[in-house]
Amino acid sequence: MTVANNLTQVHQQIRLLETQYQRPQNSVKLLAVSKTKPIEDILLAYEAGQRAFGENYVQEAVDKHQQLAHLPDIEWHFIGAIQSNKSRLVAESMDWVHTLDRAKIATRLSEQRPSSLPTLNVCIQVNISQEASKSGIVLEELDDLVEQVLSLPNLCLRGLMAIPAPMNSLAEQIEVYRPLLEAYQALQSKIKTIDTLSIGMSNDMEAAIASNSSMVRIGTAIFGARI
Ligand SMILES: *Cc1c(COP(=O)(O)O)cnc(C)c1O
(Lines give C-alpha, C1' and ligand atoms only; values in the text may rest on other atoms or scores of the structure.)
Protein backbone atom coordinates (compact mmCIF):
# COMPACT_ATOMS: atom_id res chain seq x y z
CA MET A 1 0.00 0.00 0.00
CA THR A 2 1.19 3.51 -0.76
CA VAL A 3 0.77 6.57 1.42
CA ALA A 4 -1.64 8.08 -1.12
CA ASN A 5 -3.83 4.95 -1.17
CA ASN A 6 -3.82 4.76 2.61
CA LEU A 7 -4.91 8.40 2.82
CA THR A 8 -7.77 7.77 0.41
CA GLN A 9 -8.89 4.80 2.51
CA VAL A 10 -8.74 6.72 5.79
CA HIS A 11 -10.73 9.60 4.25
CA GLN A 12 -13.37 7.15 2.99
CA GLN A 13 -13.57 5.55 6.43
CA ILE A 14 -14.01 8.95 8.08
CA ARG A 15 -16.79 9.94 5.63
CA LEU A 16 -18.59 6.62 6.28
CA LEU A 17 -18.35 7.07 10.04
CA GLU A 18 -19.64 10.66 9.76
CA THR A 19 -22.70 9.28 7.99
CA GLN A 20 -23.11 6.38 10.39
CA TYR A 21 -23.03 8.64 13.46
CA GLN A 22 -25.08 11.50 11.97
CA ARG A 23 -22.13 13.88 11.88
CA PRO A 24 -22.06 16.55 9.14
CA GLN A 25 -19.92 15.57 6.14
CA ASN A 26 -16.34 16.84 6.45
CA SER A 27 -16.80 17.79 10.11
CA VAL A 28 -13.93 15.48 11.09
CA LYS A 29 -10.51 16.74 10.04
CA LEU A 30 -7.59 14.37 9.47
CA LEU A 31 -4.27 15.06 11.18
CA ALA A 32 -1.55 12.88 9.62
CA VAL A 33 0.83 11.83 12.41
CA SER A 34 4.25 11.65 10.76
CA LYS A 35 6.43 11.15 13.87
CA THR A 36 9.54 9.01 13.21
CA LYS A 37 8.68 8.93 9.47
CA PRO A 38 11.01 10.48 6.86
CA ILE A 39 10.43 13.72 4.96
CA GLU A 40 9.76 11.66 1.81
CA ASP A 41 6.63 10.18 3.43
CA ILE A 42 5.38 13.65 4.37
CA LEU A 43 5.94 14.78 0.78
CA LEU A 44 3.96 11.80 -0.57
CA ALA A 45 1.06 12.73 1.69
CA TYR A 46 1.41 16.41 0.74
CA GLU A 47 1.26 15.55 -2.96
CA ALA A 48 -1.92 13.60 -2.22
CA GLY A 49 -3.45 16.75 -0.73
CA GLN A 50 -2.74 16.34 3.00
CA ARG A 51 -1.81 19.60 4.76
CA ALA A 52 -2.02 19.01 8.54
CA PHE A 53 0.82 16.99 10.07
CA GLY A 54 1.40 15.93 13.69
CA GLU A 55 4.78 15.48 15.35
CA ASN A 56 5.69 14.27 18.86
CA TYR A 57 9.35 15.10 19.34
CA VAL A 58 10.45 18.74 19.46
CA GLN A 59 13.76 18.46 17.62
CA GLU A 60 12.30 16.23 14.92
CA ALA A 61 9.36 18.60 14.48
CA VAL A 62 11.65 21.64 14.17
CA ASP A 63 13.94 19.87 11.68
CA LYS A 64 11.03 18.80 9.47
CA HIS A 65 9.49 22.27 9.67
CA GLN A 66 12.78 23.78 8.47
CA GLN A 67 13.30 21.25 5.69
CA LEU A 68 9.78 21.88 4.39
CA ALA A 69 9.79 25.66 4.83
CA HIS A 70 9.26 25.99 1.06
CA LEU A 71 5.75 24.56 1.58
CA PRO A 72 4.19 27.30 3.74
CA ASP A 73 0.68 25.87 3.54
CA ILE A 74 1.64 22.89 5.72
CA GLU A 75 -0.01 23.15 9.13
CA TRP A 76 2.28 21.81 11.90
CA HIS A 77 0.66 20.30 14.99
CA PHE A 78 2.70 19.42 18.06
CA ILE A 79 1.21 16.40 19.87
CA GLY A 80 4.03 15.36 22.23
CA ALA A 81 5.18 16.32 25.72
CA ILE A 82 6.76 19.79 26.07
CA GLN A 83 9.58 20.38 28.56
CA SER A 84 10.11 23.99 29.66
CA ASN A 85 13.49 24.19 27.96
CA LYS A 86 11.93 23.21 24.62
CA SER A 87 8.92 25.53 24.70
CA ARG A 88 10.64 28.25 22.66
CA LEU A 89 11.29 25.88 19.73
CA VAL A 90 7.62 24.89 19.77
CA ALA A 91 6.41 28.50 20.02
CA GLU A 92 8.62 29.51 17.08
CA SER A 93 7.75 26.73 14.65
CA MET A 94 4.37 25.10 15.32
CA ASP A 95 0.86 26.22 14.34
CA TRP A 96 -0.89 24.09 16.94
CA VAL A 97 -0.14 22.43 20.31
CA HIS A 98 -2.53 19.64 21.36
CA THR A 99 -0.82 18.71 24.60
CA LEU A 100 -1.06 21.74 26.85
CA ASP A 101 -1.45 20.60 30.46
CA ARG A 102 0.40 23.16 32.62
CA ALA A 103 -0.05 26.89 33.20
CA LYS A 104 3.72 27.35 33.27
CA ILE A 105 4.14 25.98 29.73
CA ALA A 106 1.14 27.99 28.53
CA THR A 107 2.73 31.19 29.83
CA ARG A 108 6.08 30.40 28.22
CA LEU A 109 4.49 29.54 24.86
CA SER A 110 2.59 32.83 24.85
CA GLU A 111 5.67 34.88 25.84
CA GLN A 112 7.86 33.10 23.31
CA ARG A 113 5.44 33.24 20.37
CA PRO A 114 7.03 35.54 17.77
CA SER A 115 4.92 38.64 17.05
CA SER A 116 5.38 37.96 13.31
CA LEU A 117 3.28 34.77 13.63
CA PRO A 118 -0.46 34.37 14.24
CA THR A 119 -1.55 33.26 17.72
CA LEU A 120 -0.62 29.67 18.60
CA ASN A 121 -3.67 27.36 18.53
CA VAL A 122 -3.84 25.18 21.63
CA CYS A 123 -5.87 22.28 22.95
CA ILE A 124 -5.76 21.31 26.61
CA GLN A 125 -4.86 17.65 27.14
CA VAL A 126 -7.14 15.77 29.53
CA ASN A 127 -6.11 12.49 31.15
CA ILE A 128 -9.52 10.83 30.77
CA SER A 129 -8.45 7.36 31.81
CA GLN A 130 -6.73 8.87 34.88
CA GLU A 131 -3.62 6.85 34.29
CA ALA A 132 -0.73 7.93 36.50
CA SER A 133 1.72 7.47 33.64
CA LYS A 134 -0.11 9.71 31.15
CA SER A 135 0.14 13.45 30.75
CA GLY A 136 -2.90 15.68 30.87
CA ILE A 137 -4.97 17.30 33.58
CA VAL A 138 -7.96 15.74 35.29
CA LEU A 139 -11.30 17.35 34.42
CA GLU A 140 -11.54 18.96 37.88
CA GLU A 141 -8.55 21.11 36.94
CA LEU A 142 -9.98 22.22 33.61
CA ASP A 143 -11.70 25.48 34.58
CA ASP A 144 -8.55 26.89 36.22
CA LEU A 145 -6.30 26.08 33.27
CA VAL A 146 -8.88 27.42 30.79
CA GLU A 147 -8.99 30.71 32.68
CA GLN A 148 -5.21 30.99 32.61
CA VAL A 149 -4.96 30.19 28.91
CA LEU A 150 -7.67 32.74 28.08
CA SER A 151 -5.60 35.43 29.80
CA LEU A 152 -2.58 34.82 27.52
CA PRO A 153 -2.52 37.11 24.47
CA ASN A 154 -0.58 34.92 22.04
CA LEU A 155 -2.53 31.68 22.53
CA CYS A 156 -5.90 30.82 21.01
CA LEU A 157 -7.76 28.14 22.95
CA ARG A 158 -9.34 25.79 20.38
CA GLY A 159 -10.45 22.81 22.46
CA LEU A 160 -9.56 19.58 24.23
CA MET A 161 -7.41 16.57 23.43
CA ALA A 162 -7.15 13.10 25.00
CA ILE A 163 -5.41 9.76 24.60
CA PRO A 164 -7.54 7.10 26.33
CA ALA A 165 -6.17 3.84 27.69
CA PRO A 166 -6.83 0.93 25.30
CA MET A 167 -10.29 -0.67 25.79
CA ASN A 168 -11.68 -3.93 24.51
CA SER A 169 -14.96 -2.86 22.97
CA LEU A 170 -16.41 0.05 21.04
CA ALA A 171 -19.01 0.59 23.79
CA GLU A 172 -16.29 0.90 26.43
CA GLN A 173 -14.26 3.28 24.24
CA ILE A 174 -17.33 5.50 23.82
CA GLU A 175 -18.08 5.34 27.55
CA VAL A 176 -14.58 6.60 28.41
CA TYR A 177 -15.03 9.58 26.07
CA ARG A 178 -18.40 10.61 27.56
CA PRO A 179 -17.18 12.92 30.40
CA LEU A 180 -14.72 14.56 27.98
CA LEU A 181 -17.50 15.23 25.48
CA GLU A 182 -19.64 16.82 28.21
CA ALA A 183 -16.76 19.06 29.31
CA TYR A 184 -16.12 20.00 25.67
CA GLN A 185 -19.73 20.95 25.05
CA ALA A 186 -19.79 23.05 28.23
CA LEU A 187 -16.67 24.93 27.07
CA GLN A 188 -18.10 25.42 23.61
CA SER A 189 -21.20 27.07 25.02
CA LYS A 190 -19.03 29.61 26.91
CA ILE A 191 -16.06 30.34 24.62
CA LYS A 192 -16.45 31.22 20.96
CA THR A 193 -13.04 29.99 19.75
CA ILE A 194 -13.68 26.39 20.89
CA ASP A 195 -14.14 24.19 17.82
CA THR A 196 -11.72 21.29 18.23
CA LEU A 197 -12.10 17.98 20.00
CA SER A 198 -8.85 16.16 19.21
CA ILE A 199 -9.62 12.48 19.81
CA GLY A 200 -9.23 9.30 17.78
CA MET A 201 -6.16 7.35 16.68
CA SER A 202 -5.81 4.42 14.27
CA ASN A 203 -7.32 1.94 16.74
CA ASP A 204 -10.27 3.95 18.11
CA MET A 205 -11.34 6.21 15.28
CA GLU A 206 -14.93 4.92 15.29
CA ALA A 207 -15.48 5.57 19.01
CA ALA A 208 -13.94 9.03 18.62
CA ILE A 209 -16.15 10.02 15.67
CA ALA A 210 -19.17 8.66 17.53
CA SER A 211 -18.09 10.92 20.43
CA ASN A 212 -18.00 14.14 18.37
CA SER A 213 -14.31 14.18 17.46
CA SER A 214 -13.47 17.04 15.14
CA MET A 215 -9.86 16.00 14.53
CA VAL A 216 -8.56 12.44 14.40
CA ARG A 217 -4.80 11.92 14.73
CA ILE A 218 -3.82 9.03 12.50
CA GLY A 219 -0.30 7.69 12.01
CA THR A 220 -0.11 3.93 11.45
CA ALA A 221 -3.07 3.68 9.07
CA ILE A 222 -1.43 6.26 6.77
CA PHE A 223 2.31 5.71 7.08
CA GLY A 224 2.48 2.10 8.29
CA ALA A 225 3.85 0.74 11.55
CA ARG A 226 6.62 2.62 13.33
CA ILE A 227 9.69 0.59 14.19
C1 LIG B 1 1.49 8.44 17.72
C2 LIG B 1 0.32 9.25 18.09
C3 LIG B 1 -0.85 9.20 17.32
C4 LIG B 1 -1.04 8.30 16.12
O5 LIG B 1 -1.16 6.98 16.54
P6 LIG B 1 -1.47 5.79 15.51
O7 LIG B 1 -1.87 4.68 16.40
O8 LIG B 1 -0.19 5.52 14.78
O9 LIG B 1 -2.56 6.23 14.61
C10 LIG B 1 -1.91 10.03 17.69
N11 LIG B 1 -1.81 10.85 18.75
C12 LIG B 1 -0.71 10.92 19.51
C13 LIG B 1 -0.66 11.85 20.66
C14 LIG B 1 0.39 10.12 19.20
O15 LIG B 1 1.47 10.18 19.98
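Guide: A pocket here is an open set of points on a 1 Å grid over the protein atoms alone, where a 1.4 Å probe fits and protein lies on both sides within 12 Å along at least five of seven lines; lining residues have an atom within 4 Å of a point. The model is predicted, so local features need pLDDT of at least 70 and side-chain atom pairs pLDDT 80 or more, while totals for chains, interfaces and linings use all residues. Residues are numbered from 1 along each chain, and side-chain values use heavy atoms, without hydrogens or water.

Let's start with the second largest pocket. Its lining has 13 residues, and His65, Ile74, Trp76, Ser93 and Asp95 lie nearest its centre. Eight of the lining residues are nonpolar, two polar and three charged (Asp, Glu, Lys and Arg count as charged; Ala, Val, Leu, Ile, Met, Phe, Trp, Tyr, Cys and Pro as nonpolar; the others, Gly among them, as polar). The volume of this second pocket is about 190 Å³, taken as the space filled by probe spheres set on grid points joined across faces, edges and corners.

Now for the largest pocket, with a volume of about 450 Å³. Among its 24 lining residues, Lys35, Asn56, Ile79, Met161 and Ile163 lie nearest the centre. The lining comprises ten nonpolar, nine polar and five charged residues.

This is where the ligand sits, meaning that more than half of its atoms lie within 2 Å of the pocket's grid points. Around the ligand are 13 residues, the closest being Lys35, Asn56, Ser202, Thr220 and Arg226 (a residue counts if one of its heavy atoms lies within 4 Å). Six of this shell are nonpolar, four polar and three charged. Lastly, look at the ligand's polar contacts, pairs of N or O atoms within 3.5 Å: an oxygen atom of the ligand is 2.5 Å from a side-chain N or O atom of Ser202, and such a distance is 2.6 Å for Thr220 and 2.7 Å for Lys35.

Note on methods. Polar contact = N/O pair within 3.5 Å; in protein donor to acceptor, adjacent residues only side chain to side chain.
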